[in-house]
Amino acid sequence: MNNVISSQSFKCVTSKAFKVFALITIPISVLLFVMFNGMKDMQEEGTIIVNGITTVRESVGGDMLLMVLGIFAALLFAMDFSSGSIRQIIGKGIDRTKYVVGTLVTIALYALLLMGTMMVILFVLGSVFGEGTGISGFSEIGWIIAGTLVFVTFFVSAVMFIACLSRKTSISLIFAILSISVVNIICQLLSLITKKNLLVDPGTMFSQVISAEATLSERIIPLVSYFILMLVFGFASIMVVRKRDM
Amino acid sequence: MSSVLKTDNLTKTYGHATVVDHVSMHLEQGDIYGLIGRNGAGKTTLMKMIGGIAAPTSGSYEFFGEKDNRKTIARIGCLIENPSLYPDMTVEDNLKFYNKLLGITDNRNIDEILELVDLSDARKKKTKKLSLGMKQRLGIAIALVGYPDMLILDEPINGLDPTGIVEVRKMLLKLNQERNMTLLISSHILGELERLATRYGIIEKGVLVEELSHEELLEKTRQAVRIDGLDPRKVTVILEEIGLTEYKVLQDQKVMVYCDTSLSGKINATLGEHGLFAESISVIGQDLESYFVEKMGGVSHE
């Protein structure tokens with residue numbers, strides 16, 4: 001599998017899309033910093049409350065990150081199908097399961113890289129121009145990384161599944177873009193369900209009403225949910241790739 | 001010679017349609033096996049199954065006498081349908097990708113492969129800027145990564161101009177002669193296959209209708225003049241007199257003369273001058289194309 005990860009990473013690094021998406025993290029980070037600084041005045045205690053997976057999207061620009069990764073996964077994986085490279089890859093004796101898992105791991109590593117870059121930029125900007133980046137402590141960072149990785153790999157495995165089925169880059173791209181809004185809603189609902197007896201006024205920002213302490217224990221549920229979903233889609237992708245003629 | 005590929009009743013069905021029907025073929029080391037068949041005959045599906053890209057519905061195949069194909073598939077290089085290249089990568093990077101995929105850390109093999117396929121000058125070119133012939137050669141180069149013992153090439157000269165065809169032919173012959181590489185090639189261009197192949201398999205509607213060596217093919221497509229109803233001893237004397245020494249005496253007073261068939265008139269006249277009048281003098285034998293067309297069902301699809 002190391003060979004698959006190594007070759008897919010090589011493909012990423014040499015692709016134009018990789019360079020473009022990597023550069024996108026800089027303006028996203030700057031925009032986030034500006035946004036957070038504005039939000040800080042709206043908070044009761046002047047701090048941004050981090051809420052696990054949901055807040056990953058809010059604090060690390062998850063929507064954009066997902067969009068970027070979804071498109072990237074579609075390009076990386078679906079192109080192998082649409083261009084026919086998968087035939088040459090499998091024809092080289094590469095195990096199909098290793099190919100799918102290796103590709104997923106490559107994209108997860110890419111997600112980590114993007115996220116890390118954004119966090120560093122936010123940290124630097126916060127240190128130089130503001131009082132903080134909105135990320136409160138190492139445990140929060142750990143949760144964010146874990147949450148994002150699970151969330152992103154779930155999302156990417158779903159994109160991969162579509163790519164396996166459709167074998168078309170365009171369909172996978174459309175799926176990646178459209179499903180982000182659906183995934184957002186599911187994510188919000190799951191997080192709300194985990195917070196019992198909470199009345200949320202319409203228009204209230206989610207991050208404003210849930211404390212970090214309360215969500216710390218409850219974020220495990222959505223995390224596990226996405227992990228299971230990731231496994232389901234990942235397994236489905238493997239099954240499709242294993243069973244289908246290329 | 002050792003066995004490279006052996007298929008045993010290899011069959012592929014899609015729904016009720018049988019695309020490949022109980023194909024049993026055998027390739028020895030150093031063979032150049034030309035797979036001939038019209039569009040939809042099952043050539044590509046057969047190659048896909050052999051290349052591990054499609055699963056057989058029934059039957060089996062083995063490489064190098066080894067039943068477990070997972071062990072031997074790495075010794076096979078495939079180019080099925082069009083060469084699939086990453087358009088934004090350079091020629092060199094495309095090969096590096098496959099090197100990494102196979103765990104080859106030393107990239108020096110790329111120089112040799114590029115030299116072999118005559119793409120050394122284009123190594124820094126993006127593949128989207130390559131001509132069709134260059135893409136085809138790069139596809140073969142990718143199949144060569146890992147130094148396989150056998151190459152499976154599906155229509156490798158499809159769409160190439162005459163110069164490109166000659167280049168690919170020379171390259172394949174070089175691989176076969178210098179590296180003793182076994183080649184399984186499908187093509188519509190019969191004349192090209194004739195220049196390359198040492199053995200042929202004719203596939204029609206998924207069935208391997210005939211397998212024959214190059215020599216057998218030459219024999220079957222050899223043109224001759226057949227003389228019926230004369231004493232062979234007298235006929236052969238006269239044939240020798242006019243310099244036709246390649247002949248075969250058959251049963252029932254038949255003599256086959258292997259020569260330029262336009263000489264049939266001269267043969268007839270000479271026999272007449274000696275008072276020998278044949279029951280019939282006929283030209284027999286087919287050209288290569290007619291032979292294959294007949295075997296493939298009798299209707300040319302050109």
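Visitor: Which residue is the bridge partner of B:Asp228 in strand 13 of chain B?
Guide: This is a predicted model. Strand 11 (residues 224–228) of chain B and strand 13 (residues 254–257) of chain B run antiparallel and are joined by 4 bridges. In one of these pairs of residues, B:Ile227 stands opposite B:Val255. For B:Asp228, the bridge partner in strand 13 of chain B is B:Lys254.

Visitor: Which residues make up the uncovered face of strand 13 of chain B?
Guide: In a regular strand, side chains alternate between the two faces of the sheet. The covered face of strand 13 of chain B holds B:Val255 and B:Val257. The uncovered face consists of B:Lys254 and B:Met256.

Visitor: Which residue in strand 13 of chain B does B:Lys248 stand opposite?
Guide: Strand 12 of chain B pairs with strand 13 of chain B in the antiparallel sense, over 4 bridges. The two strands form a hairpin with 3 residues between them, and B:Asp252 in the turn has a positive phi of about 55°. Across this pairing, the residue opposite B:Lys248 is B:Met256.

Visitor: What is the order of the strands in the open sheet of 4 strands in chain B?
Guide: The pairing in this open sheet is antiparallel, and the order is 12-13-11-14. Strand 12 (247–250) and strand 14 (280–284) of chain B each pair on one side only, which makes them the edge strands. On average, neighbouring strands are turned by 20° against each other, direction ignored. Read across the sheet, the order is therefore 12-13-11-14.

Visitor: What angle does the direction of helix 10 of chain B make with that of strand 14 of chain B?
Guide: Helix 10 (residues 264–273) of chain B packs on the sheet. The helix touches strand 11, strand 13 and strand 14 of chain B. Its direction and that of strand 14 of chain B make an angle of about 160°.

Visitor: Is B:Leu151 buried or exposed?
Guide: B:Leu151 lies in strand 7 (residues 150–154) of chain B. Not counting residues up to four places away in sequence, B:Leu151 touches B:Gly77, B:Ala143, B:Met181 and B:Leu183. A residue counts as buried if 20 or more other C-beta atoms lie within 10 Å of its own. B:Leu151 has 22 other C-beta atoms within 10 Å, so this residue is buried.

Technical notes:
Residues are numbered from 1 along each chain as its sequence is written. Chains are lettered from A and ligands numbered from 1 in the order in which they are written. This is a predicted model: local features need pLDDT of at least 70, side-chain atom pairs count only at pLDDT 80 or more; totals for chains, interfaces and linings use all residues. A residue is buried if 20 or more other C-beta atoms lie within 10 Å of its own, exposed if 12 or fewer, and partly exposed in between; C-beta atoms are placed from the backbone. Two residues are in contact if their C-beta atoms, placed from the backbone, lie within 7 Å. Axes are lines fitted to C-alpha atoms, for helices over the stretch in contact, and angles run from 0 to 180 degrees between N-to-C directions.
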